[in-house]
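This report describes two regions of one model. The sequence and structure come first.

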Amino acid sequence: MLPVKDIEDFAREEKKDADSVIHDFGHLKRTATGAAWFVRILGGSREDEELAYVAGLLHDIVRPNTEKVCHAEASAERTREILRNFGIGPETAERIVLVVRDHRKPAKWRDALHQSVFLADKILEQMGAYVVFRRAYYIGECFDFRDKPFRESVTKHFRRRLEKFRPEVFPARFRKLVEYQYSWVTDFFRDFHSGMNYAETLARFCYDAGRTHSMLLEECIKHYEPVSYRDREIKDEALKYIEGRKFREFEGFVRS
Ligand SMILES: [Fe+2]
Ligand SMILES: [Fe+2]
C-alpha cells in the first residue's frame, strides 16, 4: 500500500503558486484519476491502478512555463527523490518513475501501467471540450507567446497541435474515444479560424485569464458566459469532465 493521501497532499502543496496554472494540482489529480481508469480498462491489477494514480499525481511535478526544457525528464528525477522521501522501495519507485518519464510521447509500452499516464494526459487532458479552454488559457500564460498578438498565437498553437496529432499512436480500442475527444478541438478551431464570434469570445476570455492569472483554469471555465448554443455545449461538456462525470460515457466508446 502506498501513502497515496500523503503524496496527494504533497503534490497539492507543491503546486500552490505554480508557474503554470494549466499544470496545477487540478491537472495532476484529473490525470491521476484518468490513468487509474485506463489501467482498469486495460485489465491491469488493482495495485497498478494505485501506482498509475501516484504517477499521474507526479507526472508534471516539475513544469516550467515553456516547451524549451523536457519537463518529463525533470519530473521523473524529482519523482524518484519524492518517492524515496516517502520511504517507497526502489522497485516500486522505478515503475512509477518510468511512467512519469515516458508520459510525453509514445514508447515501447511494457504494460498498462507504463502507458496509463500518457493515455490520460493525451486523450483526456489534451483533447475534448475541456482542452479548448485549457489551450487558450495556456497561450495566454506561456512565455513563448508573450510578444505575439492574440489571434496569431491562438491560430499558430492550435494548428501546430492539430498537425502533431497521430491517432495511430493510441491503441485501436480507444480509436472511437480519441475521435470523439478530438472532434471538440477540430470543430472549435475551424470556427475560430473562420471568425465565428463564439470561438473568438471564448478564446479571448481564457487567453486573458491565462495572461493575468486573474482566475484559475477551472474558475475560468465556470465563469465563462456563453454567447451561443455552441459554446454552451463546449462549456457543459468541459464542466462534466472536470467534475469527473464523463467516465461512464467514455467507457461506452471503448472497444472490448
Ligand atoms: Fe507533461
Ligand atoms: Fe500533464
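Helix H2 (residues 25-41) has 17 residues, which at 1.5 Å a residue should span 24 Å, and its end C-alpha atoms are 24 Å apart, in agreement. Helices here are DSSP runs of H or I, at least four residues, numbered from the N terminus; the expected span is 1.5 Å times one less than the number of residues. This is a predicted model: local features need pLDDT of at least 70, side-chain atom pairs count only at pLDDT 80 or more, and totals for chains, interfaces and linings use all residues. Residues are numbered from 1 along each chain as its sequence is written, while chains are lettered from A and ligands numbered from 1 in the order in which they are written.

Because 12 of its 17 residues are buried, H2 is largely enclosed by the rest of the structure. Buried means 20 or more other C-beta atoms, placed from the backbone, within 10 Å of the residue's own. Among the buried residues are Arg30, Trp37 and Phe38. Just after H2, glycine 43 takes a positive phi of about 80°.

The cover over the buried residues of H2 includes H12 and these helices:

| Helix | Residues |
|---|---|
| H1 | 4-14 |
| H3 | 46-58 |
| H6 | 112-125 |
| H13 | 247-253 |

Phenylalanine 133 is found in helix H7 (residues 129-141) and is buried, with 27 other C-beta atoms within 10 Å. Phenylalanine 133 lies 88 residues from isoleucine 221 in sequence, but their C-alpha atoms are 6.8 Å apart.

Key:
Helices (H or I, at least four residues) and strands (E, at least two) are DSSP runs, numbered from the N terminus. Two residues are in contact if their C-beta atoms, placed from the backbone, lie within 7 Å.
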